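Hi,

Here is the structure I promised to pass on. Have a look at it first, and my notes follow below.

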Amino acid sequence: MEDTKHKNFYSIGVSYIKADAQTRGKFSLSTEDKKALLNEAKSNDFDGVFVLSTCNRTEIIGFAEHPFQLISMLCKHSNGSVEEFAKVSYVHKNQEAIQHLFNIGTGLDSQILGDYEIVGQLRTAFKLAKEQGTTNAYLERLLNNVMQASKRVKNETKLSSGTTSVSYAAVQYLIDNIQNYNLKNILVYGLGKMGKHTCKNLAQYTQNKQVTLINRTEEKVDEFIKEHPSIKKARLENLTKEIDNSDVLIVSTGASKATVTLENIPLDKSLLILDLSIPANVDSSIKNLNNVKLVNVDELSKVTDETLAKRKEEIPFAKEIIEEHKEEFNEWLNHRRFTPAINALKQSLEAIQRDEINFHKKKINNFDVDQAEAITSRFIQKITTQFVKHLKTEEISVNQSIQVMAKVFGTNLEKIDAENH
């Protein structure tokens with residue numbers, strides 16, 4: 001690739017497909033972890049790398065000589081090991097990696113089919129990489145095509161019809177499994193993006209007026225409650241007491257370790273806990289309590305089968321849109337790959353043209369230079385056009401074509417080859 005010294009484009013990572021919530025938690029990366037990883041990539045001259053880490057996946061997308069270079073960086077900056085990665089991972093290369101990114105960006109590869117939350121996460125991941133100076137024109141163009149395809153899939157298909165997300169699934173779980181759910185005391189712990197969505201979904205899809213909210217930063221709760229006055233506020237220091245008063249606890253704290261432990265849980269009453277965090281923020285030993293039902297992200301994703309069945313019917317339409325934008329990207333890519341070779345051929349032919357015209361000017365009186373230039377220029381144009389067709393249709397690498405051309409026309413092979421990488 002002309003933008004990078006590393007020849008192959010990879011996507012390496014772990015996702016909900018093979019890795020459970022606990023394993024994904026080990027490989028999850030904080031913003032600081034991502035920055036450290038990108039800075040290491042930059043210092044080692046990796047050109048074109050960005051990192052995506054969500055509750056459903058963690059992956060590095062970019063250029064390398066070998067995928068292990070990216071895998072080792074992921075394991076170094078997360079709590080996962082190479083051995084664990086090998087058991088549950090995926091490695092996509094070149095066109096497969098491009099297809100994978102289109103699938104992610106359009107919701108085809110989301111844990112809940114058609115979930116478009118990933119689009120914003122992709123933008124944020126790319127923005128961070130750009131700020132750290134690890135992006136290039138290839139990634140920029142590819143992300144642009146992915147975003148265009150994503151917008152069309154959302155607007156032109158019903159792949160995102162019906163409301164389905166982890167936060168919605170949590171509310172749907174309550175509706176399906178709790179009798180008189182509108183009368184239950186619900187405590188939401190954590191007001192990140194997931195917590196906000198959960199509170200909004202509770203307000204939209206239930207008539208429950210007994211929702212209490214706790215967050216580490218109280219100012220955020222105050223601000224949120226101004227827009228949602230039916231929600232009550234509680235203080236973090238009263239967490240145990242508030243859990244004791246609750247029938248349902250929804251945890252969306254998004255911390256790197258457990259924020260709810262055995263000490264917080266009453267032993268004398270039934271409690272449903274929905275843990276929406278990755279890694280899990282509810283101590284795993286709590287699930288052994290007889291009075292507690294603990295449900296995690298993976299279980300919640302199963303509650304939306306009916307919506308998903310309708311969405312699956314839209315997959316062929318989404319794939320058609322992806323194909324269009326993938327072809328557009330590959331056209332651009334091929335043009336960039338071919339340009340140095342085409343320019344070198346053109347320069348060689350123009351050098352021959354000048355020599356021949358100068359030779360005939362000396363040999364022939366009243367030689368029509370303009371006419372000779374016009375005719376020979378048309379020849380050059382036709383030859384270069386034919387060469388472009390050859391590069392596009394023949395199953396031969398650009399470098400092989402350059403080598404043949406260099407031998408035939410005596411062009412500077414090293415110069416062209418350097419331009420082509």
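Lys196, Lys200, Arg216 and Lys220 come together on the surface as a patch of positive charge. For a patch, residues need over 30% relative accessible area and no salt bridge, and like charges are joined within 9 Å. A salt bridge here is a side-chain nitrogen of Lys or Arg within 4 Å of a carboxyl oxygen of Asp or Glu. Lys and Arg count as positive, with the charge placed at NZ of Lys and CZ of Arg. The areas come from the Shrake-Rupley method with a 1.4 Å probe, and only the protein chains shown count as cover.

Helices are DSSP runs of H or I with at least four residues, strands are runs of E with at least two, and both are numbered from the N terminus. Lysine 196 counts as partly exposed because its relative accessibility is 37% (buried is under 20%, exposed over 50%, partly exposed in between).

Before you go further: this is a predicted model, where local features need pLDDT of at least 70 and side-chain atom pairs pLDDT 80 or more, while totals for chains, interfaces and linings use all residues. Residues are numbered from 1 along each chain as its sequence is written, and side-chain values use heavy atoms, without hydrogens and water.

Most residues other than glycine have a negative phi, and most peptide bonds are trans. Asparagine 180 has a positive phi of about 55°; you'll find it in the loop between α8 (166–177) and β5 (186–189), and it counts as exposed because its relative accessibility is 54%. Asparagine 366 also shows a positive phi of about 55°. Its loop runs between α14 (315–363) and α15 (369–393), and at 81% relative accessible area asparagine 366 is exposed.

The peptide bond from isoleucine 278 to proline 279 is cis, with omega near -5°. Proline 279 belongs to the loop between β9 (271–275) and β10 (292–295).

Have a look at helix α5 (residues 95–105) too: its buried residues include Ala97, Ile98, His100, Leu101 and Phe102. Just after α5, glycine 107 has a positive phi of about 90°.

Finally, the cysteines. With a disulfide taken as a pair of cysteine sulfur atoms within 2.5 Å, the count is 0. For cysteine 55, the nearest cysteine sulfur is 17 Å away, on cysteine 199. Cysteine 75 counts as buried, because its relative accessibility is 11%.

Cheers

Conventions. Buried means under 20% relative accessible area, exposed over 50%, partly exposed in between (1.4 Å probe, protein chains only). Patches are made of residues with over 30% relative accessible area and no salt bridge: like charges are joined within 9 Å, nonpolar side chains (Val, Leu, Ile, Met, Phe, Trp, Tyr) within 5 Å.
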